[in-house]
Amino acid sequence: MKNPASFELPRHLQPLLKKAQNLEKITIVYLISVIVLMYLVMGSSQAMKTAWLEDALSTLPAISFLIASTIFNRKPNSEFPYGYHRVFSIAFLAGALALFAMGCFLAIDSSLSLIKAEHPTIGSYNIFGSQIWMGWVMIAALVYSALPPVYLGYKKLPIAKKLHNKILYTDADTQKADYLTAFAAMAGIIGVGLGFWWADATAALFISFSVLKDGYSNLKNAIKDLMDRHPVHVESSEKDELVEELKNFVISWNWVSDVKVRFREHGEVYFGEVMVIAQPNTDIPHEIEKGLKALSNYHWKIYDVVIMPVKELPKHP
Amino acid sequence: MSRRKLVYFILFNFLLTSLVSCKIPKDPQNSWNKAKENELIVGVVANPPFTAVTNENFTGSEIELIRNFARENHLKVNFIEDNESNLIKKLQDYKVSVVIGGFDKKSVWKDKAGLSKTYDDKHVLLLPKGENELLIHLESYIYKINK
């Protein structure tokens with residue numbers, strides 16, 4: 001087994017983590033400015049309220065990533081003998097749950113506002129002596145809330161894939177699509193301006209469903225990870241072929257006659273067992289020591305492995 | 001220019017032209033147009049010195065405000081007196097377009113009626129919710145008298 005020193009990402013990934021942390025800090029500062037601005041102009045528009053809550057929620061992945069990224073590489077100790085990698089999975093679950101719950105609330109709230117036929121009153125501002133309809137100010141705020149996240153999302157996405165980090169990936173992926181919700185809210189405001197009172201609540205409902213959809217799929221993923229499913233790629237949720245490759249690598253050792261492997265994700269890295277049937281007359285402890293060393297150099301994601309000599313491989317898949 | 005930039009550019013121009021043409025906002029229930037074509041029906045809750053009613057005679061600071069607003073916009077005004085809850089009901093049914101009577105910006109009717117900007121840092125006029133074209137004209141007058 002690997003020396004349980006504190007976990008270090010491979011050298012080529014360390015600057016990426018630093019970069020991701022910086023991007024998330026920028027994201028948080030920017031989002032706070034959006035939240036304040038939107039709150040000041042939101043008035044009685046349901047679409048603005050929904051978009052505002054969505055922006056407030058979107059700080060959660062960034063915050064949980066930043067907190068988790070200071071914890072995940074602590075040394076294993078007697079209380080946490082497997083280390084702290086799973087903090088990422090737990091942060092992911094917490095964020096997903098919040099998103100899902102808020103999506104439910106927003107969908108109900110917006111539906112009620114539509115059923116009650118709430119006509120949103122949108123007044124005006126007096127800026128430097130000229131009157132301007134607040135709807136335009138709202139739209140300007142929405143433009144400010146829509147464009148920078150697209151850029152931030154595109155910056156974070158490739159880093160998240162390389163780090164195999166699901167919170168970062170989810171954060172980037174939702175931000176990249178965030179302009180859609182802002183556009184929906186804009187359409188709602190313009191609709192109200194054209195005299196269609198229902199446009200506001202309809203836009204809000206659309207935004208709620210997009211929050212709900214993200215929340216549901218993240219929640220599903222987070223729970224599956226914590227259920228120790230086979231490791232998957234962050235972007236496609238398809239099985240990571242690394243596990244199969246590792247199996248083929250082990251079977252290529254000449255003292256091994258058959259092998260079965262089992263891995264699970266702990267945040268960014270994989271933990272698992274390799275069960276082997278050794279050839280007769282093998283110096284098993286010696287070969288296992290050698291094997292563990294080979295596996296620890298195999299891929300940075302293959303982090304904590306046990307090699308177990310058995311007489312018969314377990315039947316289950 | 002990338003496709004996205006182009007979309008934003010078109011959107012921006014769309015906003016700008018709409019802003020200049022000033023056709024937005026419109027009333028879902030046509031309160032402003034009805035006031036222009038027929039008359040502006042104003043519900044009055046007697047509350048001196050803002051509003052007072054003596055022998056069908058309407059006086060008070062808010063009555064004057066509405067009369068001046070109407071003169072400026074060439075509207076006929078029809079004042080009708082009633083109690084608060086009746087008038088709010090009529091406001092919700094779009095039977096009256098404005099309710100006056102010294103209402104505070106923290107009025108209990110906040111959920112049932114739309115509030116204008118304050119004309120003196122404290123008092124507001126009540127409108128049907130969502131009648132944003134009427135509202136923008138009223139507020140335009142409020143800004144003017146506060147200049």
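The model is predicted: local features need pLDDT of at least 70, side-chain atom pairs count only at pLDDT 80 or more, and totals for chains, interfaces and linings use all residues. Residues are numbered from 1 along each chain as its sequence is written, while chains are lettered from A and ligands numbered from 1 in the order in which they are written.

Chain A is divided into domain 1 (11-226) and domain 2 (242-309), the bounds coming from an automatic or database domain assignment. Taken over C-alpha atoms, the centres of these two domains of chain A are 41 Å apart. Their contact takes 11 residues from domain 1 of chain A and eight residues from domain 2 of chain A; two residues are in contact if their C-beta atoms, placed from the backbone, lie within 7 Å. On the domain 1 side, α4(A) gives the most, with three residues.

Helices (H or I, at least four residues) and strands (E, at least two) are DSSP runs, numbered from the N terminus. Helix α3(A), residues 59-71, has 13 residues and reaches 19 Å from its first C-alpha to its last, close to the 18 Å expected at 1.5 Å a residue; the expected span is 1.5 Å times one less than the number of residues. Its buried residues include A:Leu60, A:Phe65 and A:Ala68, where buried means that 20 or more other C-beta atoms lie within 10 Å of the residue's own, with C-beta atoms placed from the backbone.

In chain A, three strands form an open sheet of mixed pairing in the order β3-β4-β5; strands pair if DSSP finds at least two bridges between them. Strands β3 (256-266) and β5 (302-309) of chain A are the edges, each pairing on one side only. Strand β4(A), residues 269-278, pairs with β5(A) in the parallel sense over seven bridges, and A:Val276 has A:Pro309 of β5(A) as its bridge partner.

Chain B contains five helices and seven strands, arranged along the sequence as α-α-β-β-β-α-β-α-β-β-β-α. Of its 147 residues, 37% are buried. Among contacts in chain B between residues at least 6 apart in sequence, 60% join residues at least 24 apart.

Terms used:
Buried ≥ 20, exposed ≤ 12 C-beta atoms within 10 Å, placed from the backbone.
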